[in-house]
Amino acid sequence: MKEISNSELAVLNALWESSPMSSSEVVEKLTRSNEWHEKTVKTLLNRLVKKQAIGFQKQGRAYLYSPLIDQSEYQIKQSQSFVERLFAGRVAPLVAGFAKQNKLSAEDIAELKSLIDNWQEESSNKDPQAEDSVSKASISKGSLPKDYSLKRDAHD
């Protein structure tokens, strides 16, 4: 899929929120939140159709637009691309940057702990030897996977 601009993403977000939508509904929604003209929104709709990010069905004299790509799949792909480009594929420096700037809420931290716990459990179930490389201690007790702490010790 071709790259989607920030403006096109605003249109896509509107369609993910509620679809199908006619072009006039999309225009109304986006001209309220952005100071865009009707022609701008229609141009963005046409670009997204050409990029095969959205599709349409003709209903009478109106066109009803719907996303052709799944929001969560798009977010995962873009997140992976971002982490790959800026952090050489490593998530830890990204999270550490947010933590250092106090940008992680208690809810964010709890969700990250849960994700890591689930990942550890899945890894253990897939590979019985994974228990050797991943600490069973909870992240909430201040532990990290063993291989992470060894790498950190080597650089400190």
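**Helices H2 and H3**

I began with the packing of helix H2 (residues 23-33) against helix H3 (residues 38-50), which meet at an angle of about 120° with their axes 9 Å apart. The model I am reading is a predicted one.

Next I listed who meets whom: on the H2 side I found Ser23, Val26, Val27, Leu30 and Thr31, and on the H3 side Glu38, Val41, Lys42 and Leu45. Sorted by class, the residues of this contact come out as five nonpolar, two polar and two charged.

**Helices H1 and H3**

I then turned to H1 and H3, whose axes come within 9 Å and cross at roughly 85°. That angle makes H1 roughly perpendicular to H3. From H1 the contact takes Ser7, Glu8, Val11, Leu12 and Leu15, while H3 supplies Leu44, Leu45, Arg47 and Leu48. I counted the classes here as well, and the contact of H1 with H3 has six nonpolar residues, one polar and two charged. Leu45 of H3 is listed in the contact with H2 and is listed again in the contact with H1.

**Salt bridges**

For the pair of lysine 29 and glutamate 17, the closest N and O atoms are 2.5 Å apart. This pair links distant parts of the chain, with lysine 29 in helix H2 and glutamate 17 in helix H1 (residues 6-17), twelve residues apart. I checked the exposure of both partners: lysine 29, at 23% relative accessibility, counts as partly exposed, whereas glutamate 17, at 62%, counts as exposed.

Arginine 32 and glutamate 28 meet through their side chains at 3.7 Å, N to O. Both residues lie in helix H2, four residues apart, about one turn of the helix. Arginine 32 is exposed, with a relative accessible area of 63%, and glutamate 28 is partly exposed at 48%.

Glutamate 38 and lysine 42 form another salt bridge, the closest N and O atoms being 2.9 Å apart. Because they are four residues apart in helix H3, about one helical turn separates them. Glutamate 38 has a relative accessible area of 44% and is partly exposed, as is lysine 42 with 34%. I noted too that Glu38 and Lys42 are among the H3 residues that meet H2.

**Serine 22**

Is serine 22 buried or exposed? With a relative accessibility of 11%, and the limit for buried set at under 20%, serine 22 counts as buried. I placed serine 22 in strand E1 (residues 21-22). When I left aside its neighbours within four places in sequence, the contacts of serine 22 were Tyr63, Leu64 and Tyr65.

**Backbone entries**

Most residues other than glycine have a negative phi, and most peptide bonds are trans, so I looked for departures from both.

The bond joining serine 19 and proline 20 is a cis peptide bond, with omega about 0°. I located proline 20 in the loop between H1 and E1.

Glutamine 52 has a phi near 60°, a positive value in a residue other than glycine. This residue lies in the loop between H3 and strand E2 (54-59), and with a relative accessible area of 58% glutamine 52 is exposed.

Alanine 88 also has a positive phi, near 55°. I found alanine 88 in the loop between helix H4 (71-87) and helix H5 (92-100), and its relative accessible area of 63% makes it exposed.

**The chain as a whole**

Last, I looked up the overall layout, and the chain has eight helices and three strands. Read along the sequence, these follow the pattern α-β-α-α-β-β-α-α-α-α-α. Of the 156 residues in the chain, 21% are buried, and serine 22 counts as buried. Among contacts in the chain with a separation of 6 or more, 43% are between residues 24 or more positions apart.

Conventions. Residues numbered from 1 in each chain as written. Predicted model: local features only at pLDDT ≥ 70, side-chain atom pairs only at ≥ 80, totals over all residues. Heavy atoms only, no water. Axes fitted to C-alpha atoms, helices over the stretch in contact; angles between N-to-C directions. Helix = DSSP H or I, 4+ residues; strand = E, 2+ residues; numbered from the N terminus. Contact = heavy atoms within 4.5 Å. Nonpolar A, V, L, I, M, F, W, Y, C, P; charged D, E, K, R; others polar. Buried < 20%, exposed > 50% of the residue type's maximum accessible area, 1.4 Å probe, protein only. Salt bridge = Lys/Arg side-chain N within 4 Å of Asp/Glu carboxyl O. Parallel < 35°, antiparallel > 145°, perpendicular 65-115°, else oblique.
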